[in-house]
Amino acid sequence: MYKKILVANRGEIAIRVIRTCREMGIKTIGVYSAADRTAPHILMADEAYYLGSPPASESYLNTERILEIAEQSGAEAIHPGYGFLSESIRFANAITNKGISWIGPPAEAIREMGDKTLARQTALKAGVPVVPGLERPLNDNDDPHLIAREIGYPVLIKAAGGGGGKGMRIVYDEKDLLDLLDRARSEAISSFADDRVYIEKYLEKPHHIEIQILADQHGNCIALGERECSIQRRYQKIIEESPSPFIDDKLRQVMLDKAVELTKAVNYTGAGTVEFLVDTHHNYYFLEMNTRLQVEHPVTELITGIDLVRQQINIAYGDKLEHTQQDISFHGHAIECRIYAEDGYNNFAPSVGTIHELVLPDGFGVRLDHGLRVGEEVTPYYDPLLGKLIVHGSTRAGAISGMHRALSEFHIVGLETVIPFCLAIMENQQFLSGVYDTHFITDQIEEIRKHKFSNIEHKRNILGIAAAVHQTTVNKKSELKNNHKSISSWKSNGRSQELQ
Amino acid sequence: MKFQAIINENIVEFCVEPQDYGFKVAFTDSTQQIDCKRLSPYSYSLLINGKSYYLSLTQKNGGYRITLNQQSFTVHLKDETQILLDKFGLNKSAEGSSQNIISPIPGLVKQIFVQPGEQVTKGTKLLILEAMKMENEIIAVKTGTIVEIMVKQGQSKNKGDLLVRIEGE
């Protein structure tokens, strides 16, 4: 087995990978930007090296510097996490050329599946249905109006070079087409350095359901069940669960089989996810394949009991899969809430600032993957994901009540987060019923907002008292500071700084 | 000490008296004994009639941002002196008809759609602010004329920075 792995990422996912490495007796190398010198992943890694200034292009996307560190520190493999370089063909090639293992699929499979139009063609060839649309990126000779009209409005513009909802726009009306194409292209170029976009049919009320795959270098490939990811804001997932409350065993089996077929068709190895859209009539369409570990992978880990990062490392090292498809069984129900530094009640506006205080949830069935530390600053340079709260229960209702309890214990002071918003969803009738699609947040936003303003009357007195008590306490302390020389000036200075 | 707390346009008035253990709080119709422990510079535990409350508190825009049971509120507190000043009308800030467009998020100015002197209506796209790789449209909230644009394309702005000044009708 490897003795040393470089983790080319930050935040909760870097910590997630470091933890498994430690369990496997593998030393870890952390990397950091100027903004992350004291970030938890750096405190946790066995070795840590500086990448560059805070912007991602100069730090976590700085391939030359990461390669230099990998070579100098004697890393035998690189785990890219998700985002950043995880789907970079150039980087995957560059490190394998230096004789360092890439903990991810082969560059060729990333190319074939990472490029969405190419992936659609591959899926069609493998007999997997796709959403009707253009089979290639738009070029200068195309008349976008003609193409969109042929597909039929509403249409969806998507970036060919990436995901995560960036460079994506829905067009309901022909008159908005050119304007929204420009927006999508400019967002695509700043996110993926690639302005190619394509157009497909926009499915209404679809479910976003994805299949977790593991494939080794010996031709074995297994599917580890599905994740229901229909609760999204700005096309980005916020809550995921498994099993999906929407699909039945028969459809699940078909989708698992198709996902395995497609994975085998591209000689894929490692962990990957095949994403499908499922319409109200239970028709499924291949959406894309994510050629990396996904944010929501813990949901699958909790119901299968399989450490996906460990499997990734074993596969990259050349080991055979530890499990056959027959070994895989599902236990209970798992839900994940992504904890973003965003104000869920204010159009998900990003929030930045210093973390003043942290109270973390714990207890039965609770798993928290996070990269938080008191005193650490959340900056606008990177993804707003602070961590993920994942709860397991023997039933869906049990997982929901566990999640509700865990969310209400979770306090991050100094930032706005989506915790209150997620909590409101755990009380939402539509969510509780299990009947929801990708429009859930748009459709239920008013209902969720109402939740924010419930029981205010009762709280008003307590809030007023707290503010007054605080002010009185602070004033008393500053009086003490002025009158009693016996208080250490270090201490009082520290206190008054803390209060600012 | 008399206080007035303003929470979502509602006013709560009460007197707070420090005691050996905690505080005595008197409302117009009732008096309560509060057991109060400061847990950190940012959080308190209050026991009121046996009920236990955990509150976190930070300062924000001249008020306090207080979170209780995962609900956050802005509380503006006035002490005796400020209540008195209010009474004599000495504490009013002048309200203009201009609208200042403030950056709601930290971000990068990606594109500007308007020019000084231009007429805008409610909903006119003013500029695009990119934050955390997402493009956010900043729009006018009222009808008016652009007086000044305080930003340039490619500039980084902090939350709360003034972006555009619009003079109302």
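Glu9(B) counts as exposed because 5 C-beta neighbours lie inside 10 Å. The model is predicted: local features need pLDDT of at least 70, side-chain atom pairs count only at pLDDT 80 or more, and totals for chains, interfaces and linings use all residues. Residues are numbered from 1 along each chain as its sequence is written, and chains are lettered from A, and ligands numbered from 1, in the order in which they are written.

Glu9(B) sits in the loop between strand S1 (2-7) and strand S2 (10-18) of chain B. Helices (H or I, at least four residues) and strands (E, at least two) are DSSP runs, numbered from the N terminus. Glu9(B) is not a glycine, yet its phi is positive, about 65°. Asn49(B) also has a positive phi, near 50°, and is a residue other than glycine. Its loop runs between strand S5 (43-48) and strand S6 (51-60) of chain B. Asn49(B) is exposed, with 7 other C-beta atoms within 10 Å. Chain B is assigned domain 1 (2-87) and domain 2 (99-168); such bounds come from an automatic or database domain assignment. The centres of domain 1 and domain 2 of chain B, taken over C-alpha atoms, are 37 Å apart.

The two chains meet through 40 residues of chain A and 45 residues of chain B. Residues are in contact if their C-beta atoms, placed from the backbone, lie within 7 Å. On the side of chain A, the elements that give two or more residues are helix H8 (177-192), strand S16 (349-350), strand S22 (411-413), helix H13 (419-426), helix H16 (456-483) and helix H17 (489-499). H16(A) provides the largest share, 16 residues. By class, this side of chain A has 18 nonpolar, 12 polar and 10 charged residues. Here Ala, Val, Leu, Ile, Met, Phe, Trp, Tyr, Cys and Pro count as nonpolar, Asp, Glu, Lys and Arg as charged, and the others, Gly among them, as polar.

Buried in H8(A) are Leu177(A), Ala184(A), Glu187(A), Ala188(A), Ser191(A) and Phe192(A). Seen down the helix axis, these buried residues fall within an arc of 105°, so they line one face of H8(A). The arc is that of the directions from the helix axis to the C-beta atoms. The face turned away from the buried side carries the exposed residues Leu178(A) and Asp179(A). Cover for the buried residues includes helix H7 (144-151), strand S6 (155-159), strand S7 (169-171) and strand S8 (197-201) of chain A, together with strand S13 (134-139) of chain B. Ala193(A), with a positive phi near 55°, follows H8(A).

Inside chain A, the largest nonpolar core has 72 residues, of which Leu6(A), Val7(A), Ala8(A), Ile78(A), Ile213(A) and Phe276(A) touch the most other members. A nonpolar core is a set of buried Ala, Val, Leu, Ile, Met, Phe, Trp, Tyr and Cys residues joined through C-beta atoms within 7 Å. Helix H1 (residues 11-23) of chain A gives the most to this core, 6 residues. Domain 1 (4-103) and domain 3 (207-452) of chain A both contribute, so the core lies between them. A second, separate core of 70 residues includes Val295(A), Ile419(A), Phe440(A) and Ala466(A).

Helix H5 (residues 107-114) of chain A has 6 of its 8 residues buried, so it is largely enclosed by the rest of the structure. The cover of these buried residues includes helix H4 (89-97), helix H6 (116-125) and strand S13 (284-290) of chain A. Ala215(A) lies in strand S9 (residues 207-215) of chain A. With 25 C-beta neighbours inside 10 Å, Ala215(A) counts as buried.

Two peptide bonds in chain A are noted as cis. One runs from Tyr153(A) to Pro154(A), with omega near 0°. Pro154(A) lies in the loop between H7 and S6 of chain A. Another joins Ser242(A) and Pro243(A), with omega about -5°.

Key
Buried ≥ 20, exposed ≤ 12 C-beta atoms within 10 Å, placed from the backbone.
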